Amino acid sequence: MAELVVSGLRAAVGGKEILRGVDLTVRSGEVHAVMGPNGSGKSTLAHVIMGRPGYEVLGGSVTLDGTDILVLEPWQRAAAGLFSAMQYPTEVPGVALDDVLEEALAAVGRGGDDVQARMRAEAERIGFDERFLHRPLNVDLSGGEKKRNETLQLGVLRPSIAILDEIDSGLDIDALRKVARRVEAETEERGLGVLAITHYRRLLSELRADVVHVLSRGRIVATGGPELAEELESTGYAGFADDEAEGQVDVMPGLRESFEG
Ligand code: ADP
Ligand code: MG
């Protein structure tokens, strides 16, 4: 049983406070969708949880199974069972996908002779061309291929909690169905917990959300069941803006210093 707890999380990037107090808990087997307007902080939330450099945590906490993960390096967070599929997967020339996965599994003592076979099985399952396994990570891949690449990594690495940042963007309808079903199977068979950032309800017709959150200007302004995603599809976000009129506030320099390092 895994549990990711985000509590009162406040974070800044480029000197601006973007996350202004986010609370959510994702447990094994649960799918939480995070929806919200462009620029509301969805990707920032994913990056801060995963420890991407350049983001300053100003307050609050993130724990995985009770352990503070904000003090860990990104690779340590991955080794602890966290996985993140990025909205814009990074191209890494000169480093092949299969080498990355072999190293990642070996680092947590889960390497072995069957890794190549597992990668091929995962590729087949989501319709990802096997030859990409030996090619430089994400280089010259289409948007949809990059998303399948991320999904393949999830299937091979078998994290306990996965953050999927717009895994549906760029996927055609058939690929979207395969990717969503692949992740759904992980939740059912292995109890994967998922935080799925998406703009579209159609991802959630295969990857069934237990909870839907609306993030607006760095705060969760509504939480509900799957019906909330339906509602958003017809109404948009107009009814969910938070009530403060002022824009995002600059982080006070003193405050920023106290959290650096
Ligand atoms: P979302 O994923 O919800 O569309 P993001 O989390 O990507 O939103 O971005 C939230 C806000 O943070 C946006 O206003 C964006 O312009 C700003 N932002 C993101 N990254 C940076 C950065 N490196 N420097 C300055 N501002 C940034
Ligand atoms: Mg984003």
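The structure is a predicted model, in which local features need pLDDT of at least 70, side-chain atom pairs count only at pLDDT 80 or more, and totals for chains, interfaces and linings use all residues. Residues are numbered from 1 along each chain as its sequence is written, ligands are numbered from 1 in the order in which they are written, and side-chain values use heavy atoms, without hydrogens and water.

**Helix H5**
- Helix H5 covers residues 143-157; helices are DSSP runs (H or I) of at least four residues and strands are runs (E) of at least two, numbered from the N terminus.
- Of the 15 residues of H5, 12 are buried, so the helix is largely enclosed by the rest of the structure; buried means under 20% relative accessible area, with a 1.4 Å probe and protein chains only.
- Among the buried residues of H5 are Gly144, Leu152 and Val156.
- The elements against which these buried residues pack include strand S6 (82-85) and helix H6 (173-190).
- Arg158, which follows H5, has a positive phi near 50°.

**Aromatic pair**
- The structure holds one aromatic pair, formed by Phe128 and Phe132, with 5.1 Å centre to centre and a tilted arrangement of 45° between the planes.
- Rings of Phe, Tyr and Trp (its six-membered ring) pair if their centres lie within 6.5 Å; planes under 30 degrees apart count as stacked, over 60 as edge-to-face and the rest as tilted.
- Both Phe128 and Phe132 are buried.

- Ser43 belongs to helix H1 (residues 42-50), whereas Gln87 lies 44 residues apart from it in the loop between S6 and strand S7 (92-96).

How values were computed:
The expected span of a helix is 1.5 Å times one less than its number of residues. Buried means under 20% relative accessible area, exposed over 50%, partly exposed in between (1.4 Å probe, protein chains only). Contact means heavy atoms within 4.5 Å.
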